[in-house]
Amino acid sequence: MMANEHTEMNINADADIPGNNHLSNPVEDDTIEKLEAEVAEQKDKYLRLFAEFDNFKRRTAKERNELIQTAGKDVIVSLLEVLDDCDRAEKQMQTSDDINQIKEGVQLVFNKLRNTLQSKGVKAMESINSAFDVEKHEAITEVPAGPDMEGKVVDEIEKGYYLNDKLIRFAKVVVGS
């Protein structure tokens, strides 16, 4: 009976040992199915994330374009009041001969314009009698000046301006030499 016991030996006896897979072992099929399901899930997550990012890019580009188109709206609306005052002053100049009254009206319009721009963050640069600075000034010409004005701004052709403490226009100046 000993010989008979050896012949009835299970040929898949070592199937439960890790690393040994046989044809009758279904573990490999389950692993492949699990891996394929995981890959499909990761691919779906990737596609959704990519689509979400693409939507984000489109939305921010649209918002940016809208912001650029309407960025100056606030300033323009506030300047319309000054324009209305200019129209009234022009009308007054055509009907009045009183020079002092016209000067006073025009000065009021100028002050309103300056105050409106200042409220929006625009500030004029003070250049005259300051040292010439290539970061803020653009030298138009040099003129002979005394030793105390050498290298300093003698005259200002165009004012320089800051917007919220950021230089937006260089001052065009005459420098003493």
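## An exposed turn

Is asparagine 164 buried or exposed? Asparagine 164 is exposed, and its relative accessible area is 58%. The model behind this value is predicted.

Look for asparagine 164 in the loop between β4 and β5. Its phi is positive, at about 50°, although asparagine 164 is not a glycine. Aspartate 165 lies in the loop between β4 and β5 too. Aspartate 165 is not a glycine either, yet it has a positive phi of about 65°. With a relative accessible area of 67%, aspartate 165 counts as exposed because the cut-off for that word is over 50%.

Side chains of opposite charge can pair when their charged atoms come close. Aspartate 165 takes part in such a pair. Its side chain meets that of lysine 123 in a salt bridge, at 3.8 Å from N to O. Lysine 123 sits in strand β1 (residues 122-124), while aspartate 165 is in the loop between β4 (161-163) and β5 (166-169), so the bridge ties together parts 42 residues apart in sequence. Lysine 123 is partly exposed, with a relative accessible area of 43%.

## The sheet around that loop

Strands of a sheet pair through backbone hydrogen bonds, either parallel or antiparallel. Here, three strands make an open sheet in the order β1-β4-β5, and their pairing is antiparallel. β1 and β5 are the edge strands, each pairing on one side only. On average, neighbouring strands of this sheet are turned by 35° against each other, direction ignored.

β1 and β4 are joined over three bridges, in the antiparallel sense. Within this part of the sheet, valine 122 stands opposite leucine 163 in β4.

## A second sheet

Another open sheet has three strands in the order β2-β6-β3, this time with mixed pairing. Which strands stand at its edges? They are β2 (137-143) and β3; each has a single partner strand, so one side of each has no neighbour in the sheet. Neighbouring strands of this sheet are turned by 30° against each other on average, direction ignored.

The pairing of β3 and β6 is antiparallel and runs over four bridges. Glutamate 156 stands opposite valine 173 in β6.

The side chains of glutamate 158 and lysine 172 meet at 3.9 Å, N to O. Glutamate 158 lies in β3 (residues 153-158) and lysine 172 in β6 (residues 171-176), so the pair ties together parts 14 residues apart in sequence. Both partners are partly exposed: glutamate 158 has a relative accessible area of 31%, and lysine 172 has 28%.

## The nonpolar core

Which residues make up the largest nonpolar core? There are six: Met125, Val153, Tyr162, Ala171, Val173 and Val175. β6 gives the most to this core, with three residues.

Leave aside its neighbours within four places in sequence. Valine 173 is then in contact with Ser127, Phe132, His137, Glu138, Ala139, Ile140, Thr141, Val153, Asp155, Glu156 and Ile157. Two of these names have come up already. Val153 belongs to the core, and glutamate 156 stands opposite valine 173.

Glutamate 41 and lysine 45 form a salt bridge, and their closest N and O atoms are 3.7 Å apart. These two residues are four apart in helix α2 (residues 27-70), which means that about one helical turn separates them. Glutamate 41 is partly exposed at 43% relative accessible area. Lysine 45 is partly exposed as well, at 46% relative accessibility.

Salt bridges also form a network here. Glu81, Asp85, Arg88 and Lys112 are linked in this way.

How values were computed. Residues numbered from 1 in each chain as written. Predicted model: local features only at pLDDT ≥ 70, side-chain atom pairs only at ≥ 80, totals over all residues. Heavy atoms only, no water. Salt bridge = Lys/Arg side-chain N within 4 Å of Asp/Glu carboxyl O. Buried < 20%, exposed > 50% of the residue type's maximum accessible area, 1.4 Å probe, protein only. Pairing = 2+ DSSP bridges. Axes fitted to C-alpha atoms, helices over the stretch in contact; angles between N-to-C directions. Core = buried A, V, L, I, M, F, W, Y, C linked by side-chain atoms within 4.5 Å. Contact = heavy atoms within 4.5 Å.
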